[in-house]
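This report describes how two protein chains are arranged and how they meet. The sequence and the structure are shown first, and the description follows.

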Amino acid sequence: MNQQIRNIADLDRVIHEPGRLMIVALLFAVDRADFLYLQHETAMNKGTLSSHLSRLEEAGYIAVTKTYRGKVPQTLLCLNGTGRRAFEQYRRKLKEAL
Amino acid sequence: MDQIGNLLERPRLYCNIDGLGELGGSVMCLGFALLWWLLMRAPADSAWHQIAVFGFVGLVLLIHYGTKAIKTRMTYPRTGFVEYRKPLHTQAIAGALGALTTVGMAIVFRRHWDIPALASLAGLAFTGACGYHFARAVRWKWVTVGAMAAATFVIAFLPTDVLGALGGDSPVARPDQAKLSGTVLLSLTVYGTLLLISGGISLWLYLRHTQAPVQEIQ
């Protein structure tokens with residue numbers, strides 16, 4: 001099989017989905033961010049964003065911390081080491097494929 | 001790939017979404033201008049010359065913690081919280097070191113260089129930094145950056161006696177020092193005013209287009 005095509009086939013499907021790609025790219029650039037920030041930047045509704053975050057958490061790419069800001073619940077999200085490596089690898093493979 | 005690159009830039013641009021970065025810069029410029037003016041007007045034997053440094057440090061601390069407090073109460077509940085990665089601090093330290101090096105070189109080579117011209121160069125560097133941090137995200141802010149650059153050039157080419165008059169009746173005796181004082185004072189006032197206008201518009205637009213979320217008390 002052509003190397004380029006193989007690179008496309010090897011792309012991480014968890015990250016490759018556009019919604020999750022947005023989330024991972026945004027989290028890659030920061031130490032951590034809250035749910036509201038991701039909702040604001042991605043313009044996704046709460047349900048869609050939650051399902052994408054659950055998928056990323058299942059894959060072991062993000063760490064989710066539930067806390068409070070005063071009396072208001074706050075969900076903090078952080079791309080962990082595995083997630084960072086996976087995103088870097090995804091970018092490299094995508095670059096090679098294109 | 002470019003779209004991914006844009007996404008990676010988004011959090012950095014979010015830093016000034018509410019205009020607080022510019023307003024902080026404005027308070028810093030106007031505050032420094034005021035402190036500088038007081039320093040110029042104070043008699044040579046005044047204790048103000050010894051304690052002025054605390055005024056500068058106090059102002060920086062006030063801006064740092066004040067901005068943080070406003071963001072916690074206003075920005076984070078509206079559009080979310082972001083904690084930036086360490087490299088941003090590294091850049092700030094590199095910027096501060098660069099500024100200190102420039103000041104150090106200006107002091108060491110003050111006999112050989114045209115110091116007021118150096119002050120204008122520093123003003124251009126500050127304008128460039130404002131362009132990089134504020135205007136990349138919002139295009140109309142290039143107008144502010146352009147106005148800052150134009151003001152820098154106008155101030156640099158103002159006659160010496162006009163600039164010297166600003167520091168004329170101060171204990172600063174030498175004409176080149178009076179010109180430097182005038183350049184710094186005028187530049188800081190103009191930059192501060194422009195950033196105040198630009199930041200004020202950003203803050204107004206931010207408050208207009210975002211809604212404070214309903215508090216969910218548990």
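## Overall organisation of chain B

In chain B, 70% of the contacts with a separation of 6 or more are between residues 24 or more positions apart. The model is predicted, and every value below is computed from it.

Chain B contains 8 helices and 1 strand. Read from the N terminus, its elements follow the order α-α-α-β-α-α-α-α-α. Of the 218 residues in chain B, 25% are buried.

## The helix pair α2(B) and α3(B)

Helix α2 of chain B spans residues 20–41 and helix α3 of chain B spans residues 48–79; their axes come within 10 Å and cross at roughly 165°. An angle over 145 degrees counts as roughly antiparallel, and α2(B) and α3(B) are therefore roughly antiparallel to each other. The crossing of α2(B) with α3(B) is right-handed.

On the side of α2(B), the contact is formed by B:L20, B:G24, B:V27, B:M28, B:G31, B:F32, B:L35, B:L38 and B:L39. These residues meet B:W48, B:H49, B:A52, B:G55, B:F56, B:L59, B:I63, B:T67, B:I70 and B:K71 of α3(B). By class, the residues of this contact comprise 13 nonpolar, 5 polar and 1 charged.

## The surroundings of B:G21

B:G21 lies in α2(B). Residues with 20 or more C-beta neighbours within 10 Å count as buried and those with 12 or fewer as exposed; B:G21 has 18 inside that distance and therefore counts as partly exposed.

When neighbours within four places in sequence are left aside, B:G21 is in contact with B:C15, B:N16, B:H133 and B:F134. The C-alpha atom of B:G21 is also separated by 9.2 Å from that of B:L195, a residue 174 positions away along the chain.

## The contact between chains A and B

Chain A contributes 22 residues to the contact between the chains, and chain B contributes 19 residues. On the side of chain A, the elements that give two or more residues are α3 (18–28), β1 (30–34), α4 (35–42), β3 (72–79) and α6 (81–97). The largest share comes from β1(A), with 5 residues. The residues of chain A that touch chain B divide into 13 nonpolar, 1 polar and 8 charged.

An open sheet of 4 strands is formed in the order β2(A)-β3(A)-β1(A)-β1(B), with antiparallel pairing. Its edge strands are β2 of chain A and β1 of chain B, each of which pairs on one side only. With direction ignored, neighbouring strands of the sheet are turned by 20° against each other on average. The link between the chains is made by β1(A) and β1(B), the latter covering residues 82–84, which run antiparallel and are joined by 3 bridges. Within this pairing, A:A33 has B:V82 of β1(B) as its bridge partner.

Inside chain A, β2 (residues 62–69) pairs with β3(A) in the antiparallel sense over 8 bridges. A:T65 has A:L76 of β3(A) as its bridge partner, while A:R69 stands opposite A:V72 in β3(A). The two strands form a hairpin with 2 residues between them, and A:G70 in the turn has a positive phi of about 70°.

## Helices around the sheet and across the interface

The axes of α3(A) and α1(B) (residues 2–14) come within 7 Å and cross at roughly 50°. The residues in contact are A:M22, A:A25, A:L26 and A:F28 of α3(A) with B:I4, B:L7, B:L8, B:R10 and B:P11 of α1(B). This set divides into 8 nonpolar, no polar and 1 charged.

α3(A) also takes part in packing on the sheet described above: α3(A) touches β1, β2 and β3 of chain A, and its direction makes about 85° with that of β3(A). α4(A) packs on the sheet as well, touching β1 and β3 of chain A together with β1 of chain B. The direction of α4(A) makes about 90° with that of β1(A).

Conventions. Residues numbered from 1 in each chain as written. Chains lettered and ligands numbered in written order. Predicted model: local features only at pLDDT ≥ 70, side-chain atom pairs only at ≥ 80, totals over all residues. Contact = placed C-beta atoms within 7 Å. Nonpolar A, V, L, I, M, F, W, Y, C, P; charged D, E, K, R; others polar. Pairing = 2+ DSSP bridges. Axes fitted to C-alpha atoms, helices over the stretch in contact; angles between N-to-C directions. Parallel < 35°, antiparallel > 145°, perpendicular 65-115°, else oblique. Left-handed = near helix turned anticlockwise from the far one by under 90°.
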